[in-house]
Amino acid sequence: MTHRGRTTGYGVAVSESRPPCAGLWNTPMVHVNGELTTCCLDEHLENQLGNLREQSLQELWHGATVEAWREAHVEGRFADSGPLCTRCNWRSAGAFPPDAVTAWAERTGRTEWLEALRRKE
């Protein structure tokens, strides 16, 4: 699919030619008090997922909230993601590449979801 003259690679129209942010998959950020957020720019914990003193990294980093935010990013629905995501330029963490989106979808049982997105082209 192309959007503003650019092919996205995973068959999803990307808002303002913006790809999914790699930070949602690659860079959990832990603050000194144990609070976990999705972003290195989130100094005020707007995308807070929880506290490592209360839940494990595995539970928080693969929990329902962040997985829904990841889906929203792949679909280009950044307003439905973490509160900070609508104001971020995403470039600090970089783009999550199409082959990584496919691998994540397969690993988490989202292959039908990804195929449905591709069919909407």
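Here are some questions and answers on how the labels for this predicted model follow from its values.

Residues are numbered from 1 along each chain as its sequence is written.

Q: What is the mean pLDDT of the protein chain, and where is the pLDDT below 50?
A: The chain has a mean pLDDT of 84, and 85% of its residues reach 70 or more; pLDDT is the predictor's confidence in each residue, from 0 to 100. Over residues 1–15 the pLDDT is below 50, although this stretch has 43 contacts in the model beyond near neighbours in sequence; a contact means heavy atoms within 4.5 Å. Where pLDDT is low, the predicted coordinates should not be read in detail.

Q: What makes up the list of helices and strands in the protein chain?
A: Helices (H or I, at least four residues) and strands (E, at least two) are DSSP runs, numbered from the N terminus. On that basis the protein chain has five helices and five strands, in the order β-β-α-β-β-β-α-α-α-α from the N terminus on.

Q: Why do β3 and β4 count as paired?
A: Two strands pair if DSSP finds at least two bridges between them. β3 and β4 have two bridges, so they meet that cut-off, and their pairing is antiparallel. Val30 has Leu36 in β4 as its bridge partner.

Q: Why is one side of β3 and of β5 left without a neighbour in the sheet?
A: The open sheet has three strands in the order β3-β4-β5, with antiparallel pairing. β3 (29–30) and β5 stand at the edges with a single partner strand each, so one side of each has no neighbour in the sheet.

Q: Why is Glu67 called buried?
A: Buried means under 20% relative accessible area, exposed over 50%, and partly exposed in between (1.4 Å probe, protein chains only). Glu67 has 7% relative accessibility, so it counts as buried. Glu67 is found in helix α3 and, not counting residues up to four places away in sequence, touches Trp61, His62, Trp104, Thr108 and Arg110. The buried residues of α3 (64–74) also include Trp69 and His73, and its buried residues pack against α1 (23–26), β5, α2 (57–61), α4 (98–107) and α5 (111–119).

Q: How do you know that Arg77 and Asp80 form a salt bridge?
A: A salt bridge is a side-chain nitrogen of Lys or Arg within 4 Å of a carboxyl oxygen of Asp or Glu. The N to O distance for Arg77 and Asp80 is 2.6 Å, so the pair qualifies. Arg77 also forms a salt bridge with Glu75, with the closest N and O atoms 2.5 Å apart. Arg77 counts as partly exposed because its relative accessibility is 32%, and Asp80 is partly exposed at 46%.

Q: What makes Glu115 and Arg118 a salt bridge, and where do they lie?
A: Their side chains meet at 2.9 Å, N to O, so the pair falls within the cut-off. Glu115 and Arg118 both lie in helix α5, three residues apart, about one turn of the helix. Glu115 is partly exposed at 36% relative accessibility, as is Arg118 at 27%. Elsewhere, salt bridges that share partners join Glu67, Arg70, Glu71 and Arg110 into one network.

Technical notes: This is a predicted model: local features need pLDDT of at least 70, side-chain atom pairs count only at pLDDT 80 or more; totals for chains, interfaces and linings use all residues. Side-chain values use heavy atoms; hydrogens and water are left out.
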